[in-house]
Protein chains: 2
Amino acid sequence: MVANSASGDSVVDRIVRLIAAFPQDVHTLQLSELAERAGLPLTTTHRLVRQLAGHGLLETGPGGTVRPGLRLWELVNRTSPTLALRQAAMPFMEDIQQVLNQNVNLAVLDGWEALFVERLSRRGSVANRAQVAGRMPIHISSAGLALMAHQDKALQGQYLDQFADPDGKLTRDQARALLAETARQGFAQLKGIVDPDTWGIAVPVLNRRQHAVASLGVVVPLQEMRLQALVPALQTAARGIARRLADS
Amino acid sequence: MVANSASGDSVVDRIVRLIAAFPQDVHTLQLSELAERAGLPLTTTHRLVRQLAGHGLLETGPGGTVRPGLRLWELVNRTSPTLALRQAAMPFMEDIQQVLNQNVNLAVLDGWEALFVERLSRRGSVANRAQVAGRMPIHISSAGLALMAHQDKALQGQYLDQFADPDGKLTRDQARALLAETARQGFAQLKGIVDPDTWGIAVPVLNRRQHAVASLGVVVPLQEMRLQALVPALQTAARGIARRLADS
DNA sequence: CACCCCGTTTCCGTTCAATGGGACGTTTCC
DNA sequence: GGAAACGTCCCATTGAACGGAAACGGGGTG
């Protein structure tokens with residue numbers, strides 16, 4: 001009846017809602033469930049899914065099951081802005097991981113969160129909350145701190161202005177102090193914040209203008225003893241990554 | 001004038017054309033160039049880009065520059081069908097890479113091509129044509145052969161029926177024989193085909209029904225001497241990956 | 001400085017592709 | 001065997017998408 005888009009959203013909006021409706025851990029969704037999650041009428045969902053599946057962006061299985069398609073992954077990953085970063089960082093991340101035998105992660109800043117681009121984890125290493133393509137708020141991740149501490153003053157100002165303590169744990173002034181301390185030291189550390197038994201340490205990957213384009217971090221157990229050597233190792237690797245980025 | 005879609009393609013088609021228009025190596029495109037590549041009128045391109053940028057799927061810079069957005073990468077990579085595979089395979093790939101100090105790659109079958117999901121390369125290792133999110137035809141990649149040699153007979157039949165020699169190098173019967181040989185041996189090898197100086201070797205990652213869900217491969221120089229040990233090492237790793245996939 | 005050129009952005013009347021309620025076929029569960 | 005849930009198809013309605021035209025802006029040239 002209501003012709004084009006009763007609810008005032010465009011086709012683009014709907015498509016985005018559709019692919020965003022997939023939760024991170026689930027690989028397959030029922031059509032009706034997808035419709036509900038995306039907040040779209042079943043019929044509309046059905047039509048859009050069929051169209052998207054025609055391009056391989058989604059794949060449909062028997063019984064109305066839907067899952068993200070390989071072609072979508074391909075299209076996005078071959079042109080992604082993170083690809084060059086990942087390529088440059090990978091060898092260094094592996095080196096770090098070999099030496100420490102613990103989790104290594106690579107993140108970029110997006111909005112007021114750290115977006116994790118890559119993670120190397122090892123059997124036997126401590127738990128790591130950072131998932132690939134996962135996010136963490138700036139102030140409860142060492143990656144986030146390392147990233148924000150090396151940004152424009154203007155951006156930091158905007159961030160602190162809108163800063164609202166999620167659990168009331170941190171006041172705005174404490175947040176500001178934490179950033180300043182991180183910038184002064186040249187690395188970020190969070191002891192037992194993300195996870196009570198782990199210690200997160202991250203350093204910025206700086207560009208020519210000394211702004212962080214990424215962060216390189218590790219998650220180690222609280223009793224890790226090699227802290228003195230750890231930060232220099234990370235910083236060396238971060239400089240290596242920066243150099244490779246500048247070359248390309 | 002011509003209202004909705006003069007050329008008979010839907011909005012979905014256009015969006016796909018838009019994100020597919022980005023070449024793999026270029027990160028930023030001019031709006032007009034994007035329009036031309038996508039085969040869309042400039043005005044339409046502009047409107048769609050603005051909408052997509054509103055969701056963060058694309059990002060616009062000053063002067064009408066457009067690049068893929070972080071949010072797109074995030075959405076796709078957190079739900080991608082390859083994520084579980086990648087997570088399961090990564091540790092084994094690193095092991096192989098450490099031991100051989102050469103390129104390691106992971107691929108899946110999509111259509112009549114091998115789609116490379118992950119690649120670990122090392123400074124000093126030989127050239128490797130396989131890019132992450134890149135494709136290679138089945139018969140000129142060891143990964144492709146390993147994948148197709150362990151599929152349903154029906155699928156293999158369809159593949160061989162439509163098989164057309166790209167350069168006339170390979171007849172259909174030769175292609176069939178190559179697949180059979182690969183299946184018999186349990187691994188695929190191509191000597192100097194992809195690149196005159198390199199040797200590609202790949203083994204299938206098999207599921208419970210003995211079908212290949214992925215392939216694990218290496219690219220080594222022609223003079224590599226450890227071939228005897230190489231295939232068993234790959235096969236062991238492939239079994240390890242299969243076990244981890246089955247567990248989750 | 002005035003001019004031009006080329007790409008981006010906005011405007012707006014036309015129109016057809018997108019829409020979604022309804023109905024039907026199929027499977028699953030009680 | 002009946003009912004509930006789900007996927008699929010149909011189709012009249014209509015406003016969102018379309019794109020030509022024109023305005024805007026900025027960078028280079030005579």
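## Domains of chain A

In this predicted model, the domain assignment divides chain A into domain 1, covering residues 11-76, and domain 2, covering residues 80-247. The centres of domain 1 and domain 2 of chain A, taken over C-alpha atoms, are separated by 33 Å.

## Pro137 of chain A

Strand S6 of chain A, which spans residues 135-137, contains Pro137(A). The relative accessible area of Pro137(A) is 39%.

When neighbours within four places in sequence are set aside, Pro137(A) is in contact with Trp112(A) and Glu113(A). A further position can be related to this proline: Gly111(A) is 26 residues from Pro137(A) in sequence, and their C-alpha atoms are 9.5 Å apart in space.

## Ala84 of chain B

In chain B, Ala84(B) belongs to helix H5, which comprises residues 82-100. Ala84(B) has a relative accessible area of 26%. This residue is likewise classed as partly exposed, because 26% lies between the 20% and 50% limits.

With neighbours within four places in sequence left aside, the contacts of Ala84(B) are His27(A) and Leu245(B).

Technical notes. Residues are numbered from 1 along each chain as its sequence is written. Chains are lettered from A and ligands numbered from 1 in the order in which they are written. This is a predicted model: local features need pLDDT of at least 70, side-chain atom pairs count only at pLDDT 80 or more; totals for chains, interfaces and linings use all residues. Side-chain values use heavy atoms; hydrogens and water are left out. Domain bounds come from an automatic or database domain assignment. Helices (H or I, at least four residues) and strands (E, at least two) are DSSP runs, numbered from the N terminus. Buried means under 20% relative accessible area, exposed over 50%, partly exposed in between (1.4 Å probe, protein chains only). Contact means heavy atoms within 4.5 Å.
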